[in-house]
Amino acid sequence: MNDIELKEAQDARIACEALPFARNLGAFLDQAAQEMGDKTALHLIATDRELSALDIQTMTRSVAAGLKAKGVTFGDRVGVMLGNVLEFPLTWLAIARLGAVMVPINNRYTPREVAYVLGDSGAKLLVTDAATDANLRDAPELAGSPAMGCRVVVGAEGADSWDALAAHDAATFLPDREPELDDLLNIQYTSGTTGLPKGCMLTHRYWLVLSRVAAFRIKGDIRNVLSAQPFYYMDPQWQLLMALYLRGTVFLAERPSSSSFLGWVHRYRIGYCIFPQIVLKQPAEPRDAELPLALASIFGWRRDAHLEIERRFNVTARESFGMTEVGSALSVPYWANDMVGSGSCGIPSPFREVSIRNAEGEPVPDGEIGELWVRGPGIMLGYWNKPEANADSLRPGGWFRTGDLFRRDAKGFFYIVGRVKDMIRRSGENIAANEVEAVLTGWPDVLEAAVIGVPDADRGEEVKACLVLRPPATRETFDLPALAAHCAQHLAAFKVPRYFDIRDSLPKTPSEKVAKHLLRSEKPDLRAGAFDQVTQQWN
């Protein structure tokens with residue numbers, strides 16, 4: 001960064017951090033409602049139903065009063081298992097007013113998975129819809145669950161319906177205890193690549209910091225925000241609050257859709273969104289360059305794809321790095337056009353201090369690879385009921401170990417190179433799996449790639465690439481030697497995969513991450529069924 005750019009970044013950070021916070025999320029909503037009045041704050045794309053900021057203020061107070069009447073009080077956990085319907089954000093914000101804690105649950109979970117989340121969190125009540133309730137209520141895995149004995153059902157009738165909650169008088173609502181910034185608001189379960197999901201304990205401050213940081217990244221008068229992921233993930237939650245910070249409107253899609261995405265952006269004049277890389281596969285149209293987006297967030301994109309989105313759609317696209325545990329950690333500033341296609345995740349976000357550490361926990365010089373540590377106000381309090389995980393991840397001084405490997409360049413920009421547990425050690429050399437995967441997916445006939453290590457007596461580990469081909473390519477027609485040559489051109493020799501496995505699909509976690517622990521454990525001999533570059537034959 002030059003001196004002017006550095007000052008701009010510092011000034012933006014100071015401005016973002018200087019503003020006072022509301023006492024809690026409910027107070028933040030009241031401030032927004034007072035300023036916005038009848039202006040639309042939430043638009044449901046599936047039905048075109050709209051709620052104003054005043055509607056949200058009133059309805060969340062009514063629902064909070066209804067939950068209180070059902071016995072929910074400060075600190076109680078409430079499971080919420082819904083699709084992208086208006087009742088989901090309204091229930092979350094009502095829970096916030098009570099000082100209770102929301103436990104969002106993936107509505108694709110099986111009864112076994114639901115039983116784990118409800119049991120681990122100690123939820124006393126479950127809010128769900130009629131179809132999901134019908135699938136869960138007689139499941140043996142959930143027998144005896146307190147939350148299943150106290151359900152609120154969207155779309156039902158009677159005293160246990162969600163509408164009955166919303167019918168309470170908003171004017172009579174008072175919490176038993178007013179929540180503070182550092183009181184718990186969410187237990188947000190993450191779908192890791194190993195073991196059972198862990199519940200991240202997220203506070204009112206966490207959400208207010210994250211949404212403010214997102215709002216401050218935007219330049220110009222942006223009001224319309226598109227949210228196209230399930231609301232049980234963290235992104236739609238902070239995007240709703242971000243829109244309220246901007247005194248604008250969040251447009252909530254029922255479900256992700258690559259074919260509908262660009263139409264939504266045009267129809268609703270979207271100024272900001274998270275842009276899915278898969279949308280680039282949609283056929284080009286003359287109006288692509290007229291996309292109203294002022295800023296698009298992207299995460300982990302190929303470098304050529306980053307260049308393509310800016311060229312094709314005439315939009316400023318910026319990489320970031322964050323995770324449920326810490327919110328926003330890094331982002332590329334709006335003005336940093338020279339970083340487009342660099343692969344950098346940016347510089348530290350407001351409210352965040354970051355450090356790259358070696359295995360002994362000591363900072364490493366610029367250019368060297370180490371684990372990214374993050375600290376700052378509003379990161380998670382820890383993992384719910386997971387003392388071992390907390391001991392491993394949380395360090396003195398408020399530092400959180402991300403488990404991600406990074407390097408920093410001389411200008412102060414950070415680059416992700418892999419996972420601490422996703423490194424392959426071959427003949428004394430460390431190989432970052434995602435570096436190899438990026439090269440593999442750069443080949444036209446490769447749709448998805450996952451790289452793992454295969455035990456080897458001579459070298460410790462060899463590199464294996466698990467591939468899903470892009471139709472019409474098949475195992476019989478795929479030019480494997482050409483792909484190997486492509487890898488050799490773009491990777492050091494020790495990084496080029498020895499084994500290639502062509503598959504119909506890759507196993508995924510509920511959050512659609514590749515479940516590499518399943519790839520590593522699916523067979524006793526990971527070489528079986530793979531093509532060996534050394535012997536030039538299929539094992």
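A search of the whole structure turns up zero of them. By disulfide I mean a pair of cysteine sulfur atoms within 2.5 Å. Keep in mind that this is a predicted model: local features need pLDDT of at least 70, side-chain atom pairs count only at pLDDT 80 or more, and totals for chains, interfaces and linings use all residues. Residues are numbered from 1 along each chain as its sequence is written, and side-chain values use heavy atoms, with hydrogens and water left out.

Cys 16 is buried, at a relative accessible area of 0%. Cys 487 is buried too, with 0% relative accessibility. The cut-offs: buried is under 20% relative accessible area, exposed is over 50%, partly exposed is in between, with a 1.4 Å probe and protein chains only.

Next, a sheet. Five strands form it, it is open, and the order is E23-E24-E25-E26-E27 with mixed pairing. Strands pair if DSSP finds at least two bridges between them. Strands and helices here are DSSP runs, numbered from the N terminus: E with at least two residues, H or I with at least four. Which strands stand at the edges? Strand E23 (446-456) and strand E27 (537-538); each has a single partner strand, so one side of each is left without a neighbour in the sheet.

Inside the sheet, strand E24 (residues 460-469) and strand E25 (residues 499-503) run parallel, joined by five bridges. Val 468 stands opposite Arg 503 in E25.

Two helices pack on this sheet. Helix H13 (residues 433-441) touches E23, E24 and E25, and its direction makes about 140° with that of E23. Helix H14 (residues 480-490) touches E23, E24, E25, strand E26 (531-532) and E27, and its direction makes about 125° with that of E25. Contact means heavy atoms within 4.5 Å. Axes are lines fitted to C-alpha atoms, for helices over the stretch in contact, and angles run from 0 to 180 degrees between N-to-C directions.

Stay with H14. Which of its residues are buried? Leu 480, Leu 483, Ala 484, His 486 and Cys 487. They cover an arc of only 155° around the axis, so they sit on the same side of H14. That arc is taken from the directions from the helix axis to the C-beta atoms. The general rule: an α-helix has 3.6 residues a turn, so residues three or four places apart point the same way. The buried residues of H14 pack against H13, E23, E24, E25, E26 and E27. The face turned away from the buried side carries the exposed residues Pro 481 and Gln 489.

At the N-terminal end of H14, Asp 479 is the cap: a side-chain oxygen lies 3.2 Å from the backbone nitrogen of Ala 482. That is a polar contact, a pair of N or O atoms within 3.5 Å; within protein, one must be able to donate a hydrogen and the other to accept it, and residues adjacent in sequence count only if both atoms are side-chain atoms.

Last, an arginine. Arg 318 lies in strand E13 (residues 316-323). Buried or exposed? Buried, at 4% relative accessibility. Its side chain reaches the backbone oxygen of Tyr 334 at 2.8 Å. A polar atom of the Arg 318 side chain also lies 3.0 Å from the backbone oxygen of Pro 333.
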